[in-house]
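Student: I would like a close look at a single part of this model, taken in one connected answer.

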Amino acid sequence: MNILFFTRLTSLILAISLSLILHLVVIYFLFNKWDEGIKIQKVSPPKYLQAKLVNLDEKIKKKIQPKPKPKPKPKPKPKPKPKKNNENKIKHKILDEQETKSLQASKQLELENKKIVSSYSAYIIERIEANWNRPPSARRGMESKLLIRLVPTGQVISVKLLKTSGNIAFDRSAEQAVYKVGSFDKLQQLDIQTFEKNFRKLQLVFKPNDLRL
Amino acid sequence: MKKINLIIILFAFISLSASAELSINITKGIDNPTKIAIAPLSFYGNQLPEDTSRIIEDNLKRSGLFDPISRKNMLSFPGTIKDIYFRDWKILGAEYLVIGSLILSGDFYEITYSLLEVHSSRLVFTKIAKGSKRQLRDLSHHISDEVYEAITGIEGAFSTKVAYVTSLKSNNKTLYKLMVSDVDGARERLILESNHPIMSPSWSPDAKELVYVSFETGRPAVFRQNLANANRKQLTNFRGLNGAPSWSPDGKKLALVLSKDGNPEIYTFDLRKEKFIRHTNHFAIDTEPNWAPDSKSLVFTSDRGGSPQIYRLTLKNGEVQRLTFRGSYNARPRLASNGRTLVMIHRSAHQFHIATQDLVNGDLRILSNTSLDESPTVSPNSAMLLYATKINNRGVLAAVSLDAGVKFLLPSKQGDVREPAWSPK
């Protein structure tokens, strides 16, 4: 019995260590890729600027203005400090400033990105709502969830019911609304990264709140 | 430290992949009639006695929930699924398509029919309906029910019947007829003919019998009649008022009004034991009882509060509760089979209209725009109601959907039509 147990244990340890090694390899691979991914994001800003011009001209101007504002704030602080501190520390401070700047820039980018995503989401909502013909058995509180897949032309290539409302006619009306739209043409204006990241796969939650009952 | 970093990255990766999809909420929509195309039935042989597809089309149109596409605009008449070019139907704006083919096997018709979604090119169902040569209309109504239910999520009521009373004056005499027909008015059938008034027909829950009030004995009396063999039986013969019978949904009892003790009161009549039980005792008039779907309570009209209003009576304990409070006249209550919608006659601005009151949230809605409306009766699926009204001084039946989206008049052939009663399923 003991021998049997021992052999089992060794085989278990072997399997675990093997899987651990494999995992580590995968993680290391991921780690490298991760780094590259971040670098790509840093390169992308000009592309986003182009995208902005399409949709939100006024808002961009407003957003460019706040950039200089953060600069004067850190400046008064370093001025008294250099007299007392070493050059090294000054260098550190400058590096910190650069880092915060790039952080702010990426935050702003993220914000811009969110704006774009939400404005195109609003477009998708508008198209579907105009085509969603609810059955008379639809009631407030019903909810069905769909997963739709799109291609960069905006065309719907698949519709899948993720969660049923419990009313087949209601579920069908939701699916029909997407099929009726057929193609979200305006998504063609998006740059490919934003599309891939947000609109390739979409979850749609159909939850009426404008019904009488 | 490195290990910890790796773990963090791993977690970050996992959480990132979990929230990959953007989720969008759709909270509004439109509620237009559904565009549907019903292609003519394909068959070989002689002309059919009924245009099945036309009957289906008319049924769906009258429900107010569908907008059928005119047959003359159709580009093709597919009989089987492989003959369908969905593009053709998309051009016409159809959301759904019904196709079918009929074969005659012996003395039976067999219709194979399919419902399809046009935009997704998907099949919803293919079904077979069988019936004798005389049942082509029944088959059409059955197909209508199936299509209606698949798209709306509500059971169809096209296979049901309506009972009503017609009266025709000639040579100072009035001829009364109790009739039964399909809900679309077709296949009218005479049940009883009399020179004395006939009133208040009410269906048995199995739709095989009717109870009604007839004056043929010289005073009002309640009769029960079997539709298949015309066997009839007099149930009441009391002095005074014998009226407004209503068959309980469980089939065991009638509710009715008797004034044998001096004043109109609500009674129930046990059909098996043939026994009357008195349920109200008030010096005011209590009348027009109608059952709740569970057969445990009644709604009725009473003027015990000074004006006619609707009350609910719980049979177990005799408790009476007032239901209507708006307006000075609410009468002739009918409870829809959903148990929630109370249909009644409501007077506003000196005119009598059909109105509904939601018993849960209290919403009152006026459904009819004609005046002098009376005798509302609700379809078994609680989607439509029929009522009697006067157009050009002539009694006709009108229909309205409970959400008031669609209204139409049922043509009457001759004379006045009154007191409609929609059959159960």
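Student: How many salt bridges does the rule find across the interface of chain A and chain B? Please go on from there to what surrounds that interface.

Tutor: This is a predicted model, and in it the rule finds four salt bridges across the interface of chain A and chain B. One salt bridge joins the side chains of Lys180(A) and Glu95(B), with 3.6 Å from N to O. On chain A, the elements that give two or more residues to the side touching chain B are helix H1 (2–43), H5, H6, H7 and E3. That side of chain A is made up of 24 nonpolar, nine polar and 10 charged residues.

As for extent, 43 residues of chain A and 37 residues of chain B take part in the contact. The two chains bury about 3,600 Å² between them, and 56% of this is on carbon and sulfur atoms. Of the area that chain A buries against chain B, 17% is supplied by Asn133(A), Arg172(A) and Gln176(A), more than by any other three residues.

The largest nonpolar core also draws on both chains. This core has 30 residues, and Ile128(A), Phe184(A) and Phe206(A) have the most contacts inside it. Two or more residues each come from helix H5 (87–129), strand E1 (144–150), strand E2 (156–163), helix H6 (168–181), helix H7 (192–199) and strand E3 (201–206) of chain A, and from strand E1 (22–26) of chain B. H5(A) gives the largest share, six residues.

Phe206(A) shows how these parts meet. Beyond its neighbours within four places in sequence, the residues in contact with Phe206(A) include Ile128(A), Trp132(A), Met142(A), Leu146(A), Phe170(A), Ala174(A) and Val178(A), as well as Ile26(B) from the other chain. Glu143(A) and Ser144(A) are also among the contacts of Phe206(A). Apart from this core lies another, of 27 residues, including Leu41(B), Ile111(B), Leu115(B) and Ile154(B).

Ser140(B) is in helix H4 (residues 136–152) of that chain. Ser140(B) counts as buried because its relative accessible area is 0%. A polar atom of the Ser140(B) side chain lies 2.8 Å from the backbone oxygen of Leu136(B). Leaving aside neighbours within four places in sequence, Ser140(B) is in contact with Thr52(B), Ile55(B), Ile56(B) and Asn59(B).

Technical notes: Residues numbered from 1 in each chain as written. Chains lettered and ligands numbered in written order. Predicted model: local features only at pLDDT ≥ 70, side-chain atom pairs only at ≥ 80, totals over all residues. Heavy atoms only, no water. Core = buried A, V, L, I, M, F, W, Y, C linked by side-chain atoms within 4.5 Å. Buried < 20%, exposed > 50% of the residue type's maximum accessible area, 1.4 Å probe, protein only. Helix = DSSP H or I, 4+ residues; strand = E, 2+ residues; numbered from the N terminus. Contact = heavy atoms within 4.5 Å. Buried area = accessible area lost by both parts, 1.4 Å probe. Nonpolar A, V, L, I, M, F, W, Y, C, P; charged D, E, K, R; others polar. Polar contact = N/O pair within 3.5 Å; in protein donor to acceptor, adjacent residues only side chain to side chain.
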